[in-house]
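Here are my notes on the model you sent over.

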Amino acid sequence: KRPPNNNHTITQSTTMRILFSSLLIASLTRAARAASVSLDEYRDHYDPAPAAAVEFEDATGVGGGSGEEERNLSGSKGDKGGKGGKAHKASKHVGLEDGFVDLSEDFERDETALAQPLIGRLPVRDNSFLRAALVLENGKIVGKYVRADVNVDDPRAVHSTTKGLISLAIGKLIAEGDLRLDMPLGDIFSDEHWIGDNTDFRKRVTIRELLTMTSGLHSGASIPPGDNLNEALYNPIFHPQSTNKGYNYMFRNNILSYVIYAMTCRNGREHCKIPLEYFVYFILPSLGVTGIGSCPAGSWNVAHENWSDYGNTDACSDGEFAWFTNEEGFEGATSGMTMTVNVMAKLGQLYLQGGKSAPGPGGEQVVPESWIDQTWTPHVKPPTIVGDNAGGFFWYQLDKDTWFSYGLGGQIIAVNRRLNRVVAMQSDLVGEEEPSQPSIAVIRDIMELTFQLSPYSFDN
């Protein structure tokens, strides 16, 4: 698929490919020779991967096991995904494809539902931090709020919601057979990129462990995400207790950005894609997102210098979607996406539709349905902002029907499969605090409103 033809299409891709072809060529050759192996072969004795999760992976074909299982994602065996794959499961999603929409088009509006102002329907509390919210049900806009001082068409940094969205690229690469959940980083990046201490431990970290944040590595707010590959691999903190592979939040790190580049380069240097290029070529066009802004090299560092102006998008050119970059021009893997609330809603609806861009045979399977199911499968129980609820692949479970991706300051995409409802929300940082609990409360409140379907109550 060719990138959209507009003034904001990537301008630095050629430079990036030349710059990094020598950086990764040795590691790509090594990775290309790596054979598919069983999950247990790379799992250390302290890896606490839940049995239930492994059973689910095998059942859906996402698998951390053989390459044959993972090819199920692309539909080459059992037609479990890819174009022409099986219909969405009624047991997991309301109404089959009745509530699916063509994401390349603008959302329709339910004027009856919109006649009641969304903010007026929420419980009385201080919601002044809320900038904008968009609520979809069955693919139609049923609720909308934009604060008086906010331009809804301006993009906003969504911070760690980036994690929940970069997972789309990882799932697509796995479906194409270029990547495996059980693949260790040592099979992707060659020896010259491993610096410092504990390299053997770091080399054994797998893609699955990065997605569930159970790698044993930790990266807090003060740890730079990595302005090059070597730094990205070395900067996360290793503690002796890390060998238990418990949950450790990766606030900032760019390893997965380099994974995307490395895996796309395996098919030839002309196919190399940095993260934004990958989204522009393979994900965003199906969503009708063509206004792509560009951010200069080092924009991630500039945008995050001051807490009072954290995530400022002034360095980037206009566009409904852009992505901060490190000094080498690679987009941030765990934070850095900027987008409008409308684009957030489209990405949430893509998840709700099981990775399909539109209903019927004309809809593209952007990512396999089984990858969405795997993303929304409990893998860990992290100490998160919502308490003792499960975490999937960079998404968190609010209740049995609701999953959400959370970014600093209350940038949230939440999806309720029983209601066919998506909530996209953007919020302000409040002083030196970030309104995690109040913003989650707003998500709960919106999910319990009645729009088109019957009332909903959280079942925790």
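1. Helices (H or I, at least four residues) and strands (E, at least two) are DSSP runs, numbered from the N terminus.

2. Some housekeeping. This is a predicted model, where local features need pLDDT of at least 70 and side-chain atom pairs count only at pLDDT 80 or more, while totals for chains, interfaces and linings use all residues. Residues are numbered from 1 along each chain as its sequence is written, and side-chain values use heavy atoms, with hydrogens and water left out.

3. The axes of H7 (residues 161-175) and H14 (residues 341-352) come within 12 Å and cross at roughly 50 degrees. Axes here are lines fitted to C-alpha atoms, for helices over the stretch in contact, and angles run from 0 to 180 degrees between N-to-C directions. H7 and H14 are therefore oblique to each other (under 35 degrees is roughly parallel, over 145 roughly antiparallel, 65 to 115 roughly perpendicular, and the rest oblique).

4. Who touches whom? From H7, Gly-164, Leu-165, Ser-167 and Leu-168 meet Leu-347, Leu-350 and Tyr-351 of H14 (contact means heavy atoms within 4.5 Å). By class, that contact of H7 with H14 has five nonpolar, two polar and no charged residues. For the classes, Ala, Val, Leu, Ile, Met, Phe, Trp, Tyr, Cys and Pro count as nonpolar, Asp, Glu, Lys and Arg as charged, and the others, Gly among them, as polar.

5. Now the cysteines. The structure holds two disulfides (a disulfide being a pair of cysteine sulfur atoms within 2.5 Å). Numbered in sequence order, the bonded cysteines pair 1-2, 3-4.

6. Cys-265 is buried at 7% relative accessibility, and Cys-272 is buried at 1% (buried means under 20% relative accessible area, exposed over 50%, partly exposed in between, with a 1.4 Å probe and protein chains only).

7. Another disulfide joins Cys-295 to Cys-316, also listed with S to S 2.0 Å. This pair links distant parts of the chain, 21 residues apart: Cys-295 sits in the loop between helix H12 (275-282) and helix H13 (299-303), and Cys-316 in the loop between H13 and strand S7 (321-323). The S-S torsion of Cys-295 and Cys-316 is about 105 degrees, so the disulfide is right-handed. Cys-295 is buried at 7%, and Cys-316 counts as buried at 11%.
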